[in-house]
Amino acid sequence: MMSLAANLSTTTEASIVPNELDDTNSLTKSMPFAHEPQLHRVPWVPPVAVGAQGIYIDLEDGTRIIDGVGGAAVNCIGSGHPKVLQAISEQLQKITYVYNVQLLNQPSQELAKHLISVSEGAFAQCFFVSGGSEAMEAVIKLARQYFWEISQPERRYFIARKQSYHGNCLGTLALSHHPGRRAPYEAILNHDVFHHVSPAYYKRYAREGESEEEYVQRLADEVDAKFQELGPGNVIGFVAEPVVGATQGVTYAPKGYFAAINKICKKYGALLIYDEVMCGMGRMGSTYHAWQNPNSYTDGIPPDIQAVAKGLGGGYGSIGAVLLNRQIADGLRQGSNYLQHGHTYQAHPLAAAASVAVQNVIKADNLLESAEKVGVYLEKRLHESLTSLDAPCAPYIYDIRGGGCFWGIELQIPDSILEGQYFKKERLAGRVQARAMENGLVLMGMSGGVDGKKGEFLMLSPAYNITETEMDELTRRLVKSIMEVLADSKIQNLFKDDRVSMKGIKEM
């Protein structure tokens, strides 16, 4: 479960449990809530942002903060980019809305051509929605419609992974396996159609002495057994995030995993479906899709259907997309020949125009390459600051992982301390996020990454064009925030560790 403080960034990926506020948290203390006209996603009134430029956000009280997480891995080119603002302004003068059942619009047509062209022949068509949850809900329906169109109506089951997140709609939440976010709605979620197997993160879940190859084989055997349990001809598809985002903190499967899963799907005629809402559209660096990445997050295997969102519009428009390969497109074409799904604001011309401009900036400024370089530099700085022999925080860092502009830092402290009185109000990662906000840095601090309860991690996902100087400052504020939380007098008594001292913090 997450803490309240973990939501100070008010991200779309946050999951909270209403606990008592930490008395030391100046940002949340004494903020009125009951008479607010807007119902918030957190049980306090978040700070009000009044302006933004690049990676910086200006608050109502005059404070300027660094957005180290792109909102929720959304902002990929920074705020206020003049070329995107110009494109939105020009589109406002042309046409602001058409209903895409009746009429198409030029920006969405241009954006669709772009998405197909950068996908190396993997996809034949795409369609647009208004965000990631809508995209994954549409994926569920498209996959089902495909089998209905090709006269396999008996296929009705989806297999996803534990510790996954695919959206906040009832369908996508049932597809997900995030205990905290599911909890209030468990009684009304569909437990028949959606099934789950083990997550794929070798460092955390491998058995003692188990090689990566043995681990992959064990997980593949589990997936195959799930197909057998449900009836191989009854399964629609296997759904996974190539790089798991806010549920686990930027984890990815060992090499060979997706090759094994793809082989199983092909054997039983099921679909391989990727959720790249968070990790796609350049977030991992070098390529548009995570599956294209030379780091081989999916063994280079493309999916049959894929969802993208966040980095598609970069925060300049509310938009998501679903991409489908030739097999799916032909299946629909031989049947009804249209998508039996849609929304009022689907393929909105303003959102599409903004997205075209964002993608043009990414191409013109070589930001996929820049994102890769950001990853190399940021990884170096994180390890230097957090895990080197002389880093005071080193004993409390379990793992640093990621790529491009997507990084997770998993924290560790003994269970006896984590489950003690001090962390009953707010968990460790949540406290770090709250302190980071006070230090002028927005990041994600999450709990439950291991099993829904255990597992504390921080997440960074800055804009692709962040500079080395800005990364240095981001890292400084991050380390300062972690050290301050660890050096809190209550925690220091618990740790009995003088490596983390106020003297060291004051020198930062």
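Guide: What follows starts with the charged pairs and then moves to the helices, the hairpin and the cores around them.

This is a predicted model, in which local features need pLDDT of at least 70, side-chain atom pairs count only at pLDDT 80 or more, and totals for chains, interfaces and linings use all residues. Residues are numbered from 1 along each chain as its sequence is written, and side-chain values use heavy atoms, with hydrogens and water left out.

Salt bridges come first. The term means a side-chain nitrogen of Lys or Arg within 4 Å of a carboxyl oxygen of Asp or Glu. The structure holds 22 of them. Side chains of opposite charge can pair when their charged atoms come close.

Take Arg-218. Its salt bridge partner is Glu-210, with 2.8 Å between the closest N and O atoms. Accessibility is sorted by relative accessible area: buried is under 20%, exposed is over 50%, and partly exposed lies in between (1.4 Å probe, protein chains only). Arg-218 is partly exposed at 21%. Glu-210 is buried at 10%.

Next, Lys-226 and Glu-229. Their side chains form a salt bridge at 3.2 Å, N to O. Both sit in helix H8 (residues 212–230), three residues apart, so about one helical turn separates them. Helices here are DSSP runs (H or I, at least four residues), strands are E runs of at least two, and both are numbered from the N terminus. An α-helix has 3.6 residues a turn, so residues three or four places apart point the same way. Lys-226 is buried, at 14%. Glu-229 is exposed, at 55%.

Arg-326 and Asp-330 lie four residues apart in it, about one turn of the helix. Their salt bridge spans 3.8 Å, N to O. Arg-326 is partly exposed at 46%. Asp-330 is partly exposed at 34%.

Salt bridges also form a network. It links Lys-203, Arg-204, Asp-399, Arg-401 and Glu-410.

Now the cysteines. The structure holds zero disulfides (a disulfide being a pair of cysteine sulfur atoms within 2.5 Å). Cys-126 is buried at 16%. Cys-393 is buried at 0%.

Helix H15 (residues 428–438) is mostly covered, with 10 of its 11 residues buried. Among the buried residues are Arg-431, Gln-433 and Arg-435. Gly-440 follows H15 and has a positive phi, near 85°.

Then the hairpin. Strands E1 (residues 49–53) and E2 (residues 56–59) pair in the antiparallel sense over four bridges. Pairing requires at least two DSSP bridges between two strands. Ala-49 has Leu-59 in E2 as its bridge partner. Two residues lie between the strands of this hairpin, where Gly-54 takes a positive phi near 65°.

Last, the cores. A nonpolar core is a set of buried Ala, Val, Leu, Ile, Met, Phe, Trp, Tyr and Cys residues joined through side-chain atoms within 4.5 Å. The largest has 94 residues, and Phe-238, Leu-386, Ile-409 and Leu-478 have the most contacts inside it. A second, separate core has 35 residues, including Phe-194, Ile-305, Ala-309 and Leu-324. Contact means heavy atoms within 4.5 Å. Leaving out residues up to four places away in sequence, Phe-238 touches several residues, including Ile-159, Arg-161, Val-223, Tyr-257 and Cys-265.
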